[in-house]
Amino acid sequence: MTALSQEAAPTQVFANGQGRVLLAAPRGYCAGVDRAVDVVEKALDLYGAPIYVRKEIVHNKYVVETLSKRGAIFVNETDEVPEGARVVFSAHGVSPQVRDAAEARGLATIDATCPLVTKVHREAVRFAKEDYDIVLVGHEGHEEVEGTYGEAPEHIQVVGTPDEVSQVRVRDPQRVVWLSQTTLSVDETIQTVDRLRQRFPLLNNPPSDDICYATQNRQVAVKTIAPHVDVMVVVGSANSSNSVRLVEVGLEAGAGAAYRVDKAEELESAWFAHASTVGLTSGASVPEILVRDVLDWLAQRGFPNVEEVRTETETTTFALPRNLRTDLSAHGMDDARPHARRKAGPDHTH
């Protein structure tokens, strides 16, 4: 826990000490993140350190730092991994070119790609084989987008905003399909797709919604509490697309102000000087301990009353990668994931 009591200056108390916090639920770890983090932890337990991980396993500083202390080594590309070593592919997925490069170096790979991202990869492969032009709605340079794009680069164009739709060029307006990055804002994606459909009336939809269930659930929870809060706090890292979107969603839904922080120490007292109600949520790659630290910080500054506002109960889980499960079983190691430890935390509902 954060040592807030050790601050040099006295704690300034706001809201006459009677302020409240509306705590969004669902929040924090989704099933794909839970699985990806567990992959690295189980690999370290089974094979020992070091375990190499291509890119950040999930976009959260605390998680990466914690795993690094245990012996995970994060690299940008597979050519940084010693030949014959073991490497984990992150939750965001990789392109076929990355898989080929790993094979060429004789690397033992463990694929922690979120199954919902894998679904989008398969859709890209399928539509490319059927010779569609594919419009991938997503953010250029994001690891998930790079991985999906790599499945069929000759068929895919990336569109980041509705305004970029005018730049799309297709061979046959009757054979165009859109796919999306899983962690986008639902509302912005709809705007982009609507703009695409204006240009291409016969635009095909993906077989199922590409935006991750957890991304949607967290955005719905924020939309529910935002009209009732003076300040919205989103816990999450700057490179976490879904965390950044939650800030935008909060503002659009009526929060007086909204801020993203990695941890409680980044909060600023001035943000809450005129607030009576604070909204709090966390991105899909954020462990609950960081939310608890923020609640402690707020409680010491006049916001002790916490009400959890639940809009959905999530029960989705994903199995570990098959090759890891096989090795765990061969060594008599339990492959059950400790979801409660990561996601639950104490009951904050008052």
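Surface, sheet and cores

Author: The chain has an accessible surface of about 15200 Å², with 47% of that belonging to carbon and sulfur atoms. Areas come from the Shrake-Rupley method with a 1.4 Å probe, and for residues only the protein chains shown count as cover.

Reader: What's the provenance, and how are residues numbered?

Author: This is a predicted model: local features need pLDDT of at least 70, side-chain atom pairs count only at pLDDT 80 or more, and totals for chains, interfaces and linings use all residues. Residues are numbered from 1 along each chain as its sequence is written, and side-chain values use heavy atoms, leaving out hydrogens and water.

Reader: How does the radius of gyration sit against a compact globule?

Author: It agrees: a compact globule of 350 residues would have a radius near 20 Å, and the chain has 22 Å. That is taken over C-alpha atoms, and the globule rule is 2.2 Å times the number of residues to the power 0.38.

Reader: What share is buried?

Author: Buried residues make up 52% of the 350. Buried means under 20% relative accessible area with a 1.4 Å probe, protein chains only.

Reader: How many helices and strands?

Author: Eleven helices and twelve strands. Both are DSSP runs numbered from the N terminus: helices are H or I, at least four residues, and strands are E, at least two.

Reader: Now the five-strand sheet. What's the order?

Author: β10-β9-β11-β1-β12, open, with parallel pairing. Two strands pair if DSSP finds at least two bridges between them. β10 (258-261) and β12 (305-310) are the edge strands.

Reader: And β9 with β11: how many bridges?

Author: Five, joining residues 231-235 to residues 277-282. Val235 stands opposite Ser282 there.

Reader: Which helix packs on the sheet?

Author: α8 (residues 241-252), touching β9, β10 and β11 (contact means heavy atoms within 4.5 Å). Its direction makes about 165° with that of β10. Axes are lines fitted to C-alpha atoms, for helices over the stretch in contact, and angles run from 0 to 180 degrees between N-to-C directions.

Reader: Switching to cores. Which residues have the most contacts inside the largest one?

Author: Val39, Val40, Ile57, Val58, Val63 and Val88, in a nonpolar core of 32 residues. Such a core is a set of buried Ala, Val, Leu, Ile, Met, Phe, Trp, Tyr and Cys residues joined through side-chain atoms within 4.5 Å.

Reader: Which element gives the largest share?

Author: α1, with nine residues.

Terms used: Buried < 20%, exposed > 50% of the residue type's maximum accessible area, 1.4 Å probe, protein only.
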